[in-house]
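Here are my notes on the model, point by point. Have it open while you read.

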Amino acid sequence: MTDRDVLVVGGGLLGASIAWGLARLGLRVVVLDEGDTAFRAARANFGLVWVQGKGLGKLEYSNWTQASAALWPSLSDELKRETGIDPGFSQPGGFSIRLTELELQRGVDAMNTLQGQPNIARYPYEILNHRETKARLPAIGPTVAGSIYSPLDGHANPLRLYRAFHAALHKMGAAYLPDHRVERISHQDGAFTVEGPWGTMSAGRIVLAAGIGNTRLAPMVGLNVPLVPSRGQIIVTEKTMPFLHHPVGNIRQVDEGGVIIGESKEATMDHHRPRTPVTAVLADRAMRMFPIIGELNVVRIWAAFRIITPDGFPIYEQSRTCRGAFAVACHSGVTLAANHAFTIAGHIAQGEIPASLSTFSSERFDVSAAA
Amino acid sequence: MFRRLPDRQGDLVTFTFDGTPLTALMGDTVAAALLAAGVTRFRTTPVSGAERGPYCMMGVCFECLVSINGRGNRQACLTTVEEGMQVETQHGAATYSTEISA
């Protein structure tokens with residue numbers, strides 16, 4: 001245990017971003033990951049760097065998201081410089097397309113409530129009717145009611161982002177160990193020892209970034225990561241000519257020409273295969289938003305599980321009983337990648353999650369004692 | 001260039017390639033049927049007009065794109081040939097009927 005400072009359990013986008021952040025601060029990092037058949041949210045990232053609409057009921061989450069979107073240009077530049085891999089980041093502003101007047105009104109109400117929260121960092125957004133939306137997104141269909149636009153929204157290529165994090169980790173000498181599922185964690189004399197069929201390994205600090213696996217692992221070091229089931233489906237079309245130059249909440253055309261569609265949420269962990277009725281709704285809504293999509297061949301459809309806490313907001317926490325053990329869990333691994341790589345990694349390196357982030361402690365889920 | 005293995009037998013399917021009738025074995029992919037019929041040029045590229053044919057035969061490389069029953073950009077290696085199917089060379093990019101005004 002003399003040649004490593006911190007074990008990061010989980011090599012997905014969250015684990016990789018934090019591990020890279022720790023390595024660039026000079027810590028010696030080992031990333032322990034499962035194999036190819038693990039549940040991986042990282043294979044279903046939509047790729048949005050998205051601000052609008054987030055933080056209803058928790059203004060700190062809006063501010064946190066805005067901070068990451070603001071840090072993203074630095075993240076993109078540094079990864080590009082270090083690895084030569086371009087994570088495909090751009091921030092041209094994003095649209096939430098509303099198919100009906102009711103949908104549009106609900107969106108307007110939500111933004112009003114969101115930005116009416118005291119102490120929220122307000123950001124610009126626009127409500128656009130059909131004609132105004134059409135002027136900026138000429139490919140929209142005739143029945144679209146309108147849209148909400150925010151200049152802070154952007155997107156990235158999540159596969160290249162993921163690749164860039166891992167390439168940067170490798171370059172810094174951090175070890176990435178696939179097929180190293182962690183079965184048990186013990187804490188003794190200030191050291192954490194992880195154990196699996198592959199053997200054991202120890203270090204003075206441990207970061208749990210194992211997605212759904214965190215629920216099982218966290219209690220071993222005095223932490224708690226409650227999650228609720230949430231399945232999402234994605235449709236990917238063939239590459240085609242550029243027709244959509246801004247990310248839309250549920251549709252985006254990636255820099256290589258393919259179109260990604262996804263907005264479904266099912267409260268199930270039952271099965272891994274896409275369900276046709278859900279796929280049909282996704283496709284129908286996408287075609288109403290952009291009729292050209294109806295002419296494209298679908299290349300692939302798949303489903304994956306989100307990492308969603310009961311209130312939908314992230315968890316960043318250090319164990320009270322096992323100092324040096326941290327749990328991180330979140331859904332928006334692309335949007336928040338810059339915060340995780342720079343800010344959260346910095347806090348973990350310092351050994352303290354500051355009070356300003358205590359709102360993201362899992363203690364908010366504890367049942368309070370009866371009065 | 002390609003020969004069928006002798007142990008593959010079965011019902012025949014008739015389809016056309018650029019209007020020419022061809023036969024295939026039921027269950028063939030469009031790519032396999034065309035290759036077996038001696039067709040190696042499936043499309044031309046949108047950029048240089050260079051000729052292309054199947055490369056990976058497993059849905060990854062997108063070199064085998066053809067037009068099938070009027071719809072472009074179909075992956076010949078992932079599509080099972082059917083009786084009466086009209087397959088055509090794809091010249092350059094696929095075309096769409098939806099107009100996108102700038």
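1. How many bridges join strand β10 of chain A to β11(A)? There are 5, and the two strands run antiparallel; β10 spans residues 191–196. Within β11(A), A:M201 is the bridge partner of A:V194. Strands here are DSSP runs of E, at least two residues long, and helices are runs of H or I, at least four, numbered from the N terminus. Strands pair if DSSP finds at least two bridges between them.

2. Before going on, some ground rules. This is a predicted model: local features need pLDDT of at least 70, side-chain atom pairs count only at pLDDT 80 or more, and totals for chains, interfaces and linings use all residues. Residues are numbered from 1 along each chain as its sequence is written, while chains are lettered from A and ligands numbered from 1 in the order in which they are written.

3. Back to the sheet: it's open, with 3 strands in the order β9-β10-β11 (chain A) and antiparallel pairing. β9 (184–188) and β11 (199–203) of chain A are the edges, each pairing on one side only.

4. On to the chain contacts. 8 residues of chain B are in contact (C-beta atoms, placed from the backbone, within 7 Å) with 8 residues of chain A.

5. A:I18 deserves a look. Not counting residues up to four places away in sequence, A:I18 touches A:V8, A:V207, A:A209, A:V328, A:H340, A:I344, A:A345 and A:I348.

Note on methods. Contact = placed C-beta atoms within 7 Å.
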